[in-house]
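Me: I am new to this structure. Please pick one part, look at it closely, and then show me what surrounds it.

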Amino acid sequence: MTAPELEVYLSDSDATDALHHDVRAGLSADPKWLPPKWLYDARGSELFEQITTQPEYYPTRTERELLRHNVREIAVQSEADTLVELGSGSSEKTRLLLDALMATGSLQRFVPLDVSESALRAAMLAVAQEYPGLTVRGAVGDFTQHLELLPASRGGRRLVAFLGGTIGNLLPAERAAFFTALRAALDPGELLLLGAGLSTDPAVMLPAYDDAAGVTAEFNRNVLHVLNRELKADFDVDAFDHVSVWDPQSGWIEMRLRACRAMTVRLPAVGMTIHYAQGEEMRTEISSKFQRAAFGAELREAGFADPTWWTDPDERFALILAAAT
């Protein structure tokens, strides 16, 4: 087994600076908001894994089945020598891609990128042990900032996998910036594989973000634990209710936290004192659900060819393969 290599583009101090910036911007806004990435500390990541096993949460299992049934075709179309995974986490789903690409004989290198160095090191070591002939070179970084630093292919081409529906967590302007930056980092013919939620019946979509067991509610409130720990804030976590709503005009589900009572919260690390009215809501995440025509237009605008789509029979989720032009 070749020892995995790790490049670090995002330090602990960078993450702290980003948290301070986001909190100052989001909690001084009206209405208040926080970026969803701060939901995912170690505890938040554990809770999200629990969410994916809830009966209401269809995206993860639907994406996994789509991958299982179509991964050979994806591998043959891509003929990639390098697989890049954005927001890799544990890289579990990507093993389906690794197996299929290894079977084609083209794959030589795996490049996972994630903001968590500890999670990335564990995932890289596991992959290196399971695939001893594969070069594993990870990068600690943010997919909204460090795409241009991804290693180039070695005479072949790269397949960039961005799975899990995470693309839906980006606001439209953020999503356009991401597609533009990724296209700039790719050579013509290199490929993007996306997992994306599709717009369907709100009666199906909403329970996925408000499960009966309350796991999503605990996950949502976890961001307040993060702020209490990292910023020495004094949020009363139990004084906020989890709220999930469908916004048909924007085409996304919003997760919010609603103050059960009026309160004042202090955040000494950023020098803020903020006030919540009873019933005031703070957005913590969006999850866009896409229409095929509009999403294809976004990709073409950023410089990708018309994509190949694979969807489940109920058209609730899609795998999308698009080549840089």
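Reply: Helices α3 and α4 cross in a right-handed way. The model is predicted, so local features need pLDDT of at least 70 and side-chain atom pairs need 80 or more, while totals for chains, interfaces and linings use all residues. Residues are numbered from 1 along each chain as its sequence is written, and side-chain values use heavy atoms, without hydrogens or water.

Now the geometry. Helix α3 covers residues 58-78 and helix α4 covers residues 94-104. Their axes come within 9 Å and cross at roughly 30 degrees. This makes α3 roughly parallel to α4 (angles under 35 degrees count as such). Axes are lines fitted to C-alpha atoms, for helices over the stretch in contact, and angles between N-to-C directions run from 0 to 180 degrees. Helices (H or I, at least four residues) and strands (E, at least two) are DSSP runs, numbered from the N terminus.

Who makes the contact (heavy atoms within 4.5 Å)? From α3 come Arg-64, Leu-67, Arg-68, Val-71, Arg-72, Ile-74, Ala-75, Val-76 and Ser-78. From α4 come Leu-96, Leu-97, Ala-100, Leu-101 and Thr-104. The residues of this contact divide into nine nonpolar, two polar and three charged. Here Ala, Val, Leu, Ile, Met, Phe, Trp, Tyr, Cys and Pro are nonpolar, Asp, Glu, Lys and Arg are charged, and the others, Gly among them, are polar.

Move on to the loop between α3 and β2 (82-86), where Glu-79 is found. Glu-79 is not a glycine, yet its phi is positive, about 45 degrees. Another loop lies between α1 (12-27) and α2 (42-51), and Pro-31 has its place there. A cis peptide bond joins Pro-31 to Asp-30, with omega about 5 degrees.

Strand β2 belongs to an open sheet of eight strands. The order is β1-β4-β3-β2-β5-β6-β13-β12, with mixed pairing. Two strands pair if DSSP finds at least two bridges between them. β1 (5-8) and β12 (308-311) stand at the edges with a single partner strand each, so one side of each has no neighbour in the sheet. On average, neighbouring strands of this sheet are turned by 15 degrees against each other, direction ignored. Helix α5 (residues 117-130) packs on the sheet and touches β1, β3 (109-114) and β4 (135-140). The direction of α5 makes about 175 degrees with that of β4.

β7 and β8 (residues 252-259) are joined by eight bridges. Across them, His-242 has Leu-257 of β8 as its bridge partner.

Last, the whole. The protein chain comes to nine helices and 13 strands. Its C-alpha atoms fill a box of roughly 60 × 40 × 35 Å along the principal axes.

Conventions
Contact means heavy atoms within 4.5 Å. Angles under 35 degrees count as roughly parallel, over 145 as roughly antiparallel, 65 to 115 as roughly perpendicular and the rest as oblique. A crossing is left-handed if the near helix is turned anticlockwise from the far one by less than a right angle, and right-handed if clockwise.
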